[in-house]
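We'll walk from the overall fold down to single residues.

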Amino acid sequence: MIHSRQQHSLLWRSLLLAAALLLSQVAVAAPVIELHIRDHLFYPAELMVPANTKIKLVVINEDATAEEFESYELNREKVVLGNSRAVIFIGPLAPGEYPFFGEFNLSTAQGKIIVKDE
Amino acid sequence: MLLDAVIIVLRETLEAGVLISLLLVLLNTRHSALWVLPALVLGLVGSFVYMWQLPAVSTWFDYVGQEVVNASLQYLIFILLLVLLALRSSPWFAKTELVASLAGVMVALAIIREGVEILLFYSGFWHSDEGFIKPLLSGFIGLMIGFSVGGIVYYLLLPLAEKLGGLLVRLVLTFVAAGMVSQATQLLMQADWLPTSLPIWNSNGLLPEQSLVGTLAYAVLGYESTPTALQATIYWGAIILATAAQLATQLFFNSVKPTDSQ
């Protein structure tokens, strides 16, 4: 009986350890990169990002009107309200170029993320 | 004509248009189409409410509230679609009000999700000198194209549905349901609520997602050119779940039929 209880507690401990390991992996803070929208343009229009890394992209819309950050290559789509900010997690990405655009101002709001090996 | 307005309205209405058409085909033989109008009104009112609340919602959960709410809407549509597809083989499918309510709520939720983006796009013209007329007319063209595609889907599937006993439309709706889950999963990855990884393939060269066929495939089949392993697993898991739910009700109600007077 005691033996089985010990086994039981060992199982729980290893489960907890596994969960903690998983959580600690999630908790590793992603590098933050800022992207501004001004007069329906992205600043900077080109962002350099390391390969195979998750990035926290903070989009700051300085215009009074809303914009939609969108990228087919990144699989991302998000409305950024006027005079506010939005957080979009991107990656991990393979090296290459990933264009993005502002769907509400297709003719002007264009940019790309350039992913390079470190 | 404002091309931006045409494209935005078309892209956002295409998905709802296809969903409405498929539900109309599914419900066609036994139900009237009267549920569509209240669903559209409810969706439109809901879109306004969501837009009004969006400044607050956007700041939730450290600025990923939009993803969480949108993903919840899509998981909810998936669950309702799953229930409706399972009901299709049961005697309850004859309960007009229940079935029409399910379809109506689903369409309203889909419109809220897409409609808020159209409203926000148009809110940008509120203070501009360009005025509303040109973007509204352009948007109307987009709306009409979206509706036409929905109409084509309806008239293509309806005769086939009658011949095949609704098999084809149920199959397509199963893919639509899986697409909803796959999109919702992607939103939660965007919010960093679910783990991400490198895509397991890239079929963008074969069928670009932004092409017309790609957009349609995205709306109907949940097509994704660069899915992650988690997304692909959840997509196929949803298809298996939806198929199993339909088969289970079908087998169950077929087996009780001889003793049932229906």
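Let's settle one term before counting anything: two residues are in contact if their C-beta atoms, placed from the backbone, lie within 7 Å. Keep in mind, too, that this is a predicted model. With that cut-off, take the contacts in chain B between residues at least 6 apart in sequence: 83% of them join residues at least 24 apart.

What is chain B built from? It has eight helices and zero strands, and reading along the sequence gives you α-α-α-α-α-α-α-α. The radius of gyration of chain B comes out at 19 Å, close to the 18 Å that the globule rule gives for 262 residues, so chain B is as compact as a globular protein of that length. Its C-alpha trace spans about 70 × 40 × 40 Å along the principal axes, and 44% of the 262 residues count as buried.

Now bring in the partner. On the chain B side, 24 residues are in contact with 23 residues of chain A. Helices H1 (3-27), H2 (36-63), H4 (96-123) and H6 (167-190) of chain B each supply at least two residues of the side that touches chain A. H2(B) gives the most, with five residues. By type, that side of chain B divides into nine nonpolar, 10 polar and five charged residues.

Look along the helix and you'll find a kink of about 60° at Leu54(B), shortly before the proline Pro55(B). Leu54(B) is also one of the buried residues of H2(B), a set that includes Gly43(B), Ser47(B), Tyr50(B) and Met51(B). An α-helix has 3.6 residues a turn, so residues three or four places apart point the same way. The buried residues of H2(B) pack against strand E7 (84-90) of chain A, together with helix H3 (65-87) and H4 of chain B.

That takes us across to chain A. E7(A) pairs with E4(A) in the antiparallel sense over seven bridges, and Ile90(A) in E7(A) is the bridge partner of Ile55(A). E4(A) also pairs with strand E1 (residues 32-38) of chain A, in the parallel sense over six bridges; here Leu57(A) is the bridge partner of Ile33(A).

Terms used. Residues are numbered from 1 along each chain as its sequence is written. Chains are lettered from A and ligands numbered from 1 in the order in which they are written. This is a predicted model: local features need pLDDT of at least 70, side-chain atom pairs count only at pLDDT 80 or more; totals for chains, interfaces and linings use all residues. Helices (H or I, at least four residues) and strands (E, at least two) are DSSP runs, numbered from the N terminus. The radius of gyration is taken over C-alpha atoms; the globule rule is 2.2 Å times the number of residues to the power 0.38. A residue is buried if 20 or more other C-beta atoms lie within 10 Å of its own, exposed if 12 or fewer, and partly exposed in between; C-beta atoms are placed from the backbone. Ala, Val, Leu, Ile, Met, Phe, Trp, Tyr, Cys and Pro count as nonpolar, Asp, Glu, Lys and Arg as charged, and the others, Gly among them, as polar. The bend at a residue is the angle between axes fitted to the seven residues ending there and the seven starting there. Two strands pair if DSSP finds at least two bridges between them.
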